[in-house]
Amino acid sequence: MVRIFPLLLVGSSVMLCHAQSLETPPSMKSDFKQQYYLSLNGNVKFSKICKADGYPEPVYSWKVNGIQIQSHQFRTLYDNGTLFISVSNSTYNQYGEYQCFATNSKGVAMSSMFSIIMPVLNGFPVESQELGLKEEYKYQVLKCVSRPRCVPEAACSTEWKIGDGTDKSVTPTDRVAFSEDGSMHFLYLKRGDQLGGGLTYGCGVWNQVMSVLVKGSPTKFSVKTVDDEPLHPVEVKYSKDATGLLGYSARLQCIFSGYPLPTISWRTEFGKNILSDGTKYEMENFNRVLVVKSLKKEDEMSYACIALQQTKTGSTYSSNSTVYLNVTARPQPFPNQMENVVAPKDTDAEFSCKSYSLKSEAEPIGPFWYFNGKEITEAEIGLNQRYITKENGTVLVIQNIQKEFTGSFQCMSYNSEGTFMRDATLVVIEPILVQISPPPTMEILPKDVKYLDVAATTDPLFTLRYSWSFTNGDDEHFYNNDIGSDFGSNFPPELTLSADRQNLTIDGSNLDGGDIYKLVGTYSLRVYHNHDAVDFVTDMKTDASITPAPVVTSSAGGFNPIIIAIILGVIVLFIVIFLIVFLLYRNRGGTYPLDKKELAAGHDPEKELADSGFHDLSRADGFDDEKPTNDRMSLNDSEKDYESDDNFDQEYGDGDFDTTKFNEDGSFIGQYTDSKRRPPNQSVV
């Protein structure tokens with residue numbers, strides 16, 4: 001007897017008597033971002049829903065910084081797992097590390113932690129820039145000096161203002177660009193770029209979360225006008241490597257100066273031209289910015305920006321720069337990790353938690369293991385403990401599981417970009433217990449009837465299945481299944497199953513002598529449900545002194561050789577009939593060859609017969625009975641006997657007989673029209 005217990009998902013097809021009675025620990029479904037930013041400015045509302053599977057229905061709770069949250073005027077908890085935070089003043093601190101827990105009678109599942117963080121936007125120092133006199137058509141950059149700290153960075157942007165207020169903004173154009181570091185670039189200057197009336201350019205930083213703008217770094221300069229438009233060859237003035245999160249977007253930027261202005265295009269490191277298709281790639285700000293969307297691992301590479309400048313004289317100048325895109329992510333799981341397990345007690349169960357980092361990141365640290373929301377310590381792991389680990393700690397084995405081990409297991413790994421956390425449930429059930437099993441060996445003789453019986457029980461939530469098979473001495477395979485890929489039966493008539501499929505009758509009562517070998521072989525039985533299985537094998541033998549009877553064998557699912565021979569014979573018969581019909585059809589009708597010869601000689605037998613009709617042949621004048629008659633005349637007027645057996649020359653004369661007078665088909669039509677056509681005394685009337 002061999003015991004097998006497949007490790008299957010609870011959500012897979014489970015054969016239950018009462019599926020709703022299968023109690024399972026909670027399994028967390030919610031996945032939160034690692035950081036959320038809430039501002040103290042204004043009336044802030046924030047909510048998150050925690051959701052988990054499990055039966056009975058889980059109840060939810062939240063903790064902040066490890067302390068249980070109770071509902072009050074600033075935080076509200078709902079039965080469906082929703083946490084609602086409302087803050088209208090700065091007197092209450094809602095920032096910290098939050099975590100959700102789902103609990104039922106079978107276990108506890110916990111979510112990954114997330115942080116609620118206060119956004120930051122500092123002010124500018126009081127200082128200004130005086131750049132002096134600049135020349136028209138030349139490049140000029142205005143730097144955002146002492147740019148203040150702004151958090152979160154993704155919600156911060158730089159704007160440039162004119163004058164003391166914040167109402168009048170500088171708009172990017174084909175010759176005015178803003179770089180990611182906050183600087184403003186005049187790709188070439190015009191006289192109108194000089195501000196009059198004591199006005200200055202100011203750098204403004206906007207925080208989207210706080211809805212606050214601060215302005216500083218006032219800058220002014222003058223522009224000297226030139227008489228002729230000079231040529232300023234293209235040059236790269238700004239480019240910077242970029243970083244983007246897996247699944248999100250990244251912005252790559254190159255800024256080129258020059259007069260006339262160059263045109264910009266982008267290529268991958270493989271030389272493929274990038275087009276702005278609006279789905280994967282999009283170009284902004286006169287192609288100075290390339291947006292790569294829905295980042296994948298393979299998007300991490302170098303990108304080239306190429307600037308081409310066409311002068312008025314037809315000359316061409318070019319410049320290029322390379323920007324590297326680093327795609328980052330928290331640890332990524334390998335397939336089939338942390339799958340739910342249902343297993344019989346007194347066996348081992350295991351969970352796998354393998355993850356990897358993208359190529360630019362350090363390998364993940366961990367995993368760390370948890371059971372029902374509590375970390376499994378090193379003291380609990382060892383050969384004589386409940387747990388052992390394998391494969392550098394990425395596989396957790398729960399040894400000799402018992403019913404009380406039912407619960408929720410979690411694993412957690414992290415790298416520089418974040419944390420990966422996943423959970424799975426373990427449900428421990430009663431194993432299959434066998435009371436009656438088939439014997440390992442059995443002997444059958446001619447006229448015998450044998451029985452293979454099994455009796456087993458299992459966890460009352462599951463229904464047992466019975467799969468039978470038989471392989472005889474000729475390696476022919478027979479089966480009888482009521483479920484699965486081999487559904488149905490091809491058992492021979494000597495094998496019959498009881499209605500409950502627990503008893504197999506092997507009936508050799510009609511088999512004499514060597515015919516009993518039809519039932520000799522290996523009988524296999526599997527007693528199982530989706531989460532446990534027991535296998536039995538019985539080797540059926542007979543008396544070795546019995547000589548096997550000669551039989552015509554046919555493999556299961558194959559054809560009998562006699563049937564094959566009959567089919568081939570029928571095919572041959574059809575081929576013969578077809579050939580006969582074909583030959584008959586080919587030779588039907590047509591023109592006799594002699595008729596063709598008559599026509600070729602200028603005769604028309606049908607016309608001559610129609611013109612003259614049939615006539616009686618009268619005796620010709622001067623007919624002499626002693627003269628030979630026509631039917632005894634030879635071709636050369638010599639007489640021959642009717643019964644002459646002379647050779648060819650004797651029969652047709654050896655005088656003026658000419659063999660060339662015969663046609664190729666043996667006829668002589670048309671060959672004697674000028675001489676010896678008829679005896680001189682004969683006439684036809």
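Visitor: What is the bridge partner of W62 in β10?

Guide: In this predicted model, W62 has C100 in β10 as its bridge partner.

Visitor: What makes β6 and β10 a pair?

Guide: Two strands count as paired if there are at least two bridges between them. Strand β6 (residues 59–64) is joined to β10 by six bridges, so the pair meets the rule of at least two. The two strands run antiparallel.

Visitor: Which strands pair with β10 over three bridges and over four bridges?

Guide: Strand β12 (residues 114–117) pairs with β10 over three bridges, in the antiparallel sense. There, G96 stands opposite I116 in β12. Strand β11 (residues 107–110) is joined to β10 by four bridges and also runs antiparallel to β10. T103 has V108 in β11 as its bridge partner, and a hairpin of two residues leads from β10 to β11.

Visitor: Why is β10 described as mostly covered?

Guide: Strand β10 covers residues 96–104, and seven of its nine residues are buried. Buried means under 20% relative accessible area.

Visitor: Why is S413 called buried?

Guide: The cut-off for buried is under 20% relative accessible area. S413 has 1% relative accessibility, so S413 counts as buried. S413 lies in strand β38 (residues 407–415). Leaving aside neighbours within four places in sequence, its contacts include P331, S355, I365 and F420.

Visitor: Why is I571 called partly exposed?

Guide: Partly exposed lies between the two cut-offs, under 20% for buried and over 50% for exposed. I571 has 43% relative accessibility, so I571 counts as partly exposed. I571 is in helix α1 (residues 561–587).

Visitor: What makes I571 part of a nonpolar patch?

Guide: A patch residue needs over 30% relative accessible area, and I571 has 43%. The patch on the surface also includes I563, L568 and F578, and its residues together have about 950 Å² of accessible area.

Visitor: How do you know that K29 and D53 form a salt bridge?

Guide: The limit is a nitrogen of Lys or Arg within 4 Å of a carboxyl oxygen of Asp or Glu. The closest N and O atoms of K29 and D53 are 3.7 Å apart, and the pair counts as a salt bridge. K29 lies in the loop between β2 and β3 and D53 in strand β5, so the pair ties together parts that are 24 residues apart in sequence.

Visitor: How do you know that E391 and K354 form a salt bridge?

Guide: The limit is within 4 Å, and their closest N and O atoms are 2.5 Å apart. The pair links distant parts of the chain, E391 in the loop between β36 and β37 and K354 in the loop between β32 and β33. E391 counts as partly exposed at 48% relative accessibility, and K354 counts as partly exposed at 26%.

Visitor: Why are β32 and β36 placed at the edges of their sheet?

Guide: Three strands form an open antiparallel sheet in the order β32-β37-β36. β32 and β36 each have a single partner strand, so one side of each is left without a neighbour in the sheet. Neighbouring strands of this sheet are turned by 20 degrees against each other on average, direction ignored.

Notes
Residues numbered from 1 in each chain as written. Predicted model: local features only at pLDDT ≥ 70, side-chain atom pairs only at ≥ 80, totals over all residues. Heavy atoms only, no water. Patch = residues over 30% accessible without salt bridge, like charges linked within 9 Å, V, L, I, M, F, W, Y side chains within 5 Å. Areas by Shrake-Rupley, 256 points an atom, 1.4 Å probe, with all protein chains shown as cover. Salt bridge = Lys/Arg side-chain N within 4 Å of Asp/Glu carboxyl O. Buried < 20%, exposed > 50% of the residue type's maximum accessible area, 1.4 Å probe, protein only. Axes fitted to C-alpha atoms, helices over the stretch in contact; angles between N-to-C directions. Contact = heavy atoms within 4.5 Å.
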